[in-house]
Amino acid sequence: LSREKLTRIYKETKFFEGPVKFNKEAVKNFGLASSIKTGFSQIGNNVFKHKELTLEDYYINRFGKQLYNMFIEEYLEKIWGKEPSRINSEWGAVAEKSLIAPVISTEKNNNRDYEKLPAPYATRYYYPKYGAYQLWETAADRFIEMGGSIHKNCKVTGITTGPNKILSVRCSADGDEFVVACDYLISSMPIRDLILGMDDVDGDVSLAAENLSYRGMVSVCVELTELNWKNDTQDYKTIDDIIPDSVIYISNPNVKVSRIQVYNNFSPYMIRNPKHYYLGLNYYCNEGDYYWSMGNRDWKKTVVNDLVKLGIIKSEESIIGYNKTKYSKAFPTYYDGYDGLDKIIKYLDKYENLYCIGRNGQHRFSSIDEVMKTSFEAVKNILGNVSTKDNIWKANEKNDEEGKLYNSALLSGEGEYKGNYVPLQKKIDFDNNEENKDYVPPRRMRRPMMTPIKKADPNKLSEPIVLND
């Protein structure tokens with residue numbers, strides 16, 4: 001489906017368009033005095049620049065201390081669990097494009113034409129009718145139709161290497177151990193796990209891999225009978241006047257949640273009850289810390305507290321379903337052992353049939369478009385017998401016109417990427433929709449998105465689903 005993309009920042013009971021830019025609405029939200037102060041702050045810091053040693057220096061030089069304090073500092077600290085003043089400035093160039101782009105940006109094109117802008121700035125995006133999992137189910141089905149096989153629920157226990165090649169992968173499943181010989185190994189597992197699972201790795205490379213760190217995330221989905229946030233825009237029409245945002249970034253030190261997805265706006269076909277509201281709340285933490293280890297009862301209190309404080313609901317009675325998912329390595333970090341990454345990449349590149357792709361496979365924070373591009377580049381190299389891996393490792397560093405066209409083709413509906421646009425305001429007849437009857441979602445996708453809570457036990461959450469790397 002072709003969807004309209006609206007991303008905003010919620011701060012002090014007001015919505016700011018993301019990326020933040022000074023227009024009439026922003027001045028109204030800021031107030032005249034604050035707007036003037038912010039403007040002079042940005043001009044001053046652009047003229048009298050800090051020496052860029054830390055991430056804090058990087059952003060103050062580009063956006064001024066006022067905007068940095070208002071929108072960037074708290075958001076980054078929530079995600080990384082560390083003050084930006086303690087993170088190396090090198091991280092800024094990556095974060096500005098993939099992490100900070102929806103919040104605040106140096107992008108000069110105010111037309112926001114999705115056919116000319118990189119994907120993070122697009123005003124429209126494609127989304128699978130039955131959710132993101134449909135994309136991977138379809139890819140898997142086509143792979144099998146072409147003669148491939150997929151082994152699920154297998155644990156990789158080791159990787160056998162030769163002088164310049166990966167020879168095989170050792171696996172276990174249902175108590176049995178087996179070996180898979182490799183013509184090519186395409187790895188999206190965390191680099192730390194890849195290195196520590198390989199045979200005969202150099203000691204200094206192994207130590208560098210052990211020092212790499214990751215930031216975890218807990219995602220809590222909720223099903224609501226009410227949503228007090230309403231559509232306050234003129235340009236976006238929505239079903240039942242629901243808030244039009246796809247994603248909302250939360251700038252509020254009094255709540256733990258950092259980002260909220262409004263699933264009703266991703267696809268109306270995913271919604272179990274069209275009269276209810278489905279939100280995804282993102283909480284960032286470290287594996288094993290207080291929030292990661294928190295029990296379901298405490299998680300419920302945290303979610304209810306955040307939703308009430310933000311004014312989304314009036315009381316916990318509005319919440320009738322929960323689902324909690326934990327991701328141990330949601331984001332590779334750019335501190336601690338990150339300075340040893342070049343040494344690791346150099347070591348991995350000596351294996352001519354090894355291709356590292358994806359966010360964790362490259363230990364880089366990339367947007368989904370850039371993550372998928374690493375796969376495309378790897379396949380291109382394999383088919384073309386290209387020995388260098390530079391284009392794969394640097395797939396998320398290109399800012400030229402070619403990179404913009406590459407991303408925009410996926411979003412603009414050109415060529416084979418034609419979409420089936422369903423306007424947000426269109427009512428969906430779930431019982432008599434002929435289009436919907438042609439496709440039967442795979443068993444995995446037919447599961448309810450939420451697990452209802454019985455009235456007799458209002459504190460019980462659905463069992464947590466831990467996604468093992």
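## A partly exposed tryptophan

W136 counts as partly exposed because its relative accessibility is 45%; the term covers values between buried (under 20% relative accessible area) and exposed (over 50%), found with a 1.4 Å probe and protein chains only. W136 lies in helix α5, residues 132–145. Helices (H or I, at least four residues) and strands (E, at least two) are DSSP runs, numbered from the N terminus.

Together with Y133 and L135, W136 forms a nonpolar patch on the surface, with about 290 Å² of accessible area. In such a patch, nonpolar side chains (Val, Leu, Ile, Met, Phe, Trp, Tyr) with over 30% relative accessible area and no salt bridge are joined within 5 Å.

## Basis of the model

This is a predicted model, in which local features need pLDDT of at least 70 and side-chain atom pairs count only at pLDDT 80 or more, while totals for chains, interfaces and linings use all residues. Residues are numbered from 1 along each chain as its sequence is written, and side-chain values use heavy atoms, leaving out hydrogens and water.

## A hairpin of two strands

Strands β5 (residues 155–161) and β6 (residues 166–173) run antiparallel and are joined by six bridges; pairing requires at least two DSSP bridges. The two strands form a hairpin with four residues between them. G158 stands opposite R170 in β6.

## Nonpolar cores

The largest nonpolar core has 60 residues, and I195, M198, I344 and L348 have the most contacts inside it. Helix α3 (residues 55–80) supplies the largest share of this core, 14 residues. A core is a set of buried Ala, Val, Leu, Ile, Met, Phe, Trp, Tyr and Cys residues joined through side-chain atoms within 4.5 Å.

Leaving aside residues up to four places away in sequence, M198 touches I159, T161, I166, Y347, L348 and Y351, where contact means heavy atoms within 4.5 Å.

Terms used. Patch = residues over 30% accessible without salt bridge, like charges linked within 9 Å, V, L, I, M, F, W, Y side chains within 5 Å. Areas by Shrake-Rupley, 256 points an atom, 1.4 Å probe, with all protein chains shown as cover. Salt bridge = Lys/Arg side-chain N within 4 Å of Asp/Glu carboxyl O.
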